[in-house]
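Thanks for coming, everyone. I have one structure to show today. Please keep it open while I talk.

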Amino acid sequence: QPPGVDPGIQGRVAVDLRLNGRPAALRFEGAAQIADLHRRDVLPPLATQPVRVNFTGSANLPGRRLDLAELRSEAGTVTAFGNVSGFLESPARRPQWDLQLRLNRADAGRWFTALRFFSPRLSSKTSSNASSDLTVTGTMDGSVHFLPGERGPVAEGSVVVEDLTLRAAGIDFETSTNARLEFSGPIVRLHPVALAPSGERALTASGMFDWTTPVRGASIIQLNAVGQDLALANMAPLGAALGWPNLPREGRVSVNAHLILERDEAPAYTGVVSMSKVAWNPPWLAQPVMIHTARINMAARHVRVAAMVLEAGESTITGSLEHAEGRAWQADLHATQLGSSDLYKLFATRQPIPESLGEVQARGKISVTRLRLRGLMLEEMQSSFLLADKHLSLRDARAGLASGRVTGKADVNFTKSGPEYEVSAKLADVEAAELLPDLAAGPISGTVEIKANGGT
C-alpha cells in the first residue's frame with residue numbers, strides 16, 4: 001500500500017431482500033449480514049461475529065423516493081429510519097435525505113472500534129496516533145437526527161454514555177458521571193467528564209470536533225483538560241494512546257490547558273501546566289534529568305517556562321525560558337556547577353539528538369557558580385549565550401579564577417562523538433600559587449587558548 005493512501009475497508013455482505021407492489025408503491029423488507037469487516041493494515045476485524053440488521057421500507061421509483069421505515073440491529077440496540085428523494089434524476093441534482101438514529105444500551109466499545117475503521121487518522125498504521133492501544137467500554141443511549149446542510153451534512157441530538165471506561169496500557173480510567181455528547185450542526189461537543197484510575201485524582205476532559213469528514217479527519221478539534229496533582233504513571237499511558245508518546249512516567253503534573261487542532265495547521269496550546277518531581281529520561285541522554293518544579297504558561301504564539309528547578313548529574317539549574325513565534329527562545333539560567341566532564345557524561349549514549357531539538361535556537365544569559373574546564377575551576381561565571389545549529393556560543397564571559405579574573409569567550413559544538421570546546425580568555429591577576437602550588441608563585445596576566453573534546 002503506498003504511503004499516505006487510505007487502505008480502505010474490505011468484507012463480505014449478504015442481503016436477503018423481499019419486494020412486493022408496483023414501481024410507484026413498492027414495499028421491501030429483508031435482512032443484511034456484514035462479515036469479516038477489516039482494513040488492510042494492522043487493525044483486527046471489526047467484530048468476531050457477523051453484524052446483522054433487519055430492515056423494512058417503501059419506494060416510489062418514478063418519484064425517485066425511498067423511505068426507510070426501520071432498520072434495527074439484531075440485538076435491538078440500534079434503530080434508524082429516514083428517507084431519500086431526488087436520486088437518479090436527469091439532469092443530476094443533489095438528492096435530499098433525512099436519517100434519524102436511536103441508540104438503546106448500544107455498545108460504546110464497538111462504536112469506537114467502527115470509528116477507527118472509517119477514519120484512517122485513528123489507525124496506528126496510517127497515523128502517528130497510537131489509538132490502537134486505547135479501548136472503550138460503556139453503553140450509549142440517545143438519538144441523533146442527520147440531514148443535509150448548505151456545506152455538508154448536519155446533525156441535531158445527544159447521546160449519553162453510561163459507565164464509560166477508557167483503558168490504556170492496562171490502566172482503566174473510569175467516570176463517576178455519565179459522559180454526554182451533543183450534536184449541533186457539523187459539530188459534536190463532549191460535555192465535561194471526569195476520568196480517573198481507581199483511587200486516583202481525576203482528569204476532567206471536554207471538547208468539540210467536526211464529525212462530517214471522518215476519512216480526512218476532523219477539520220477542527222478542540223480539547224480541554226483540567227486536573228490537579230495527577231500521577232504521570234497514569235497520565236503518560238493515556239497520553240501515548242491519544243497520540244502524545246514518550247511522556248515522562250515518574251512525577252506529578254497539574255494541568256489547565258486548551259488544545260486546538262486544525263487540519264494542515266500546527267497545534268495551538270493555551271493554559272498552564274505545572275510539574276513536580278518529574279524524571280525525564282530520553283534515550284539520547286545517559287543520565288535522567290529531574291524536574292523538581294516547572295510551570296509552563298502557554299498563550300497564542302507564546303510560551304513561558306517559569307519557576308524552573310532542574311537537576312542533571314551534580315548540577316542544579318534554575319531560571320526561566322520564554323519563546324514567541326518566529327523568534328529564538330530567550331533564557332535566564334543559573335547552574336550551581338558545570339564542567340566538560342558533566343556534559344560528556346550527560347551525552348555519553350552517543351545517540352543523536354532529535355532533529356526537532358537540534359533545530360532549537362536560544363539566546364539569553366547564563367551564570368554558573370562553579371565551572372570546571374580542563375582542570376580550571378572558574379567561580380561565579382556570567383555570560384551571554386547563543387544556541388543554534390547544535391552550537392553553543394558564550395560571549396562577554398567573566399569569572400573569578402584563583403583570586404583573579406578571567407574574561408573571554410567559549411564555543412561548544414555538540415557532535416556525534418561528544419562535545420568539542422574552544423576557549424579564548426584573558427587572565428588578570430590570577431595567583432599562580434593557587435593554580436600550580438609548589439611550582440609557581442605570583443600574579444599571572446595574559447591570554448590563554450584552550451581546545452578540548454569529550455570529557456577532558
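Start with Ser206. This residue is buried, at a relative accessible area of 15%. Buried here means under 20% relative accessible area, exposed means over 50%, and partly exposed is in between, with a 1.4 Å probe and protein chains only. A word on the source: this is a predicted model, where local features need pLDDT of at least 70, side-chain atom pairs count only at pLDDT 80 or more, and totals for chains, interfaces and linings use all residues. Residues are numbered from 1 along each chain as its sequence is written, and side-chain values use heavy atoms, with hydrogens and water left out.

Back to Ser206. What does Ser206 contact, leaving aside neighbours within four places in sequence? Leu190, His191 and Pro192 are among its contacts, and so are Gln222, Leu223 and Asn224. Contact means heavy atoms within 4.5 Å.

Ser206 sits in strand β12. Helices (H or I, at least four residues) and strands (E, at least two) are DSSP runs, numbered from the N terminus. Six of the eight residues in β12 are buried, so the strand is mostly covered.

Now the partners of β12. Two strands pair if DSSP finds at least two bridges between them. Strand β11, residues 187-196, runs antiparallel to β12, and seven bridges join them. Leu195 has Leu203 of β12 as its bridge partner. The two strands make a hairpin with six residues between them. Look at Gly199 in that turn: its phi is positive, about 80°. β13 also pairs with β12, antiparallel, over six bridges. There, Thr204 is opposite Val226 of β13.

Next, the aromatics. Two numbers describe such a pair: the distance of the centres and the angle of the planes. Rings of Phe, Tyr and Trp (its six-membered ring) pair if their centres lie within 6.5 Å; planes under 30 degrees apart count as stacked, over 60 as edge-to-face and the rest as tilted. That rule gives five aromatic pairs. One of them is Phe146 with Phe183: edge-to-face, 6.2 Å centre to centre, 75° between the planes. Phe146 is in strand β7 (residues 134-148) and Phe183 in strand β10 (residues 179-185), so this pair ties together parts 37 residues apart in sequence.

Phe146 has another partner, Trp211. Their ring centres are 5.4 Å apart and the planes are at 75°, so this pair is edge-to-face. Trp211 lies in the loop between β12 (203-210) and β13 (220-231), 65 residues from Phe146. Trp211 is buried too. Phe146, Phe183 and Trp211 form one aromatic cluster.

Now the nonpolar core. A core is a set of buried Ala, Val, Leu, Ile, Met, Phe, Trp, Tyr and Cys residues joined through side-chain atoms within 4.5 Å. The largest one has 79 residues, and Leu166 and Met275 touch the most other members. Strand β8 (residues 153-168) gives the largest share, six residues. A second, separate core of five residues includes Ala32, Val53, Phe55 and Leu68.

Last, the whole protein. There are five helices and 25 strands. Of the 456 residues, 37% are buried. Among contacts between residues at least 6 apart in sequence, 44% join residues at least 24 apart.
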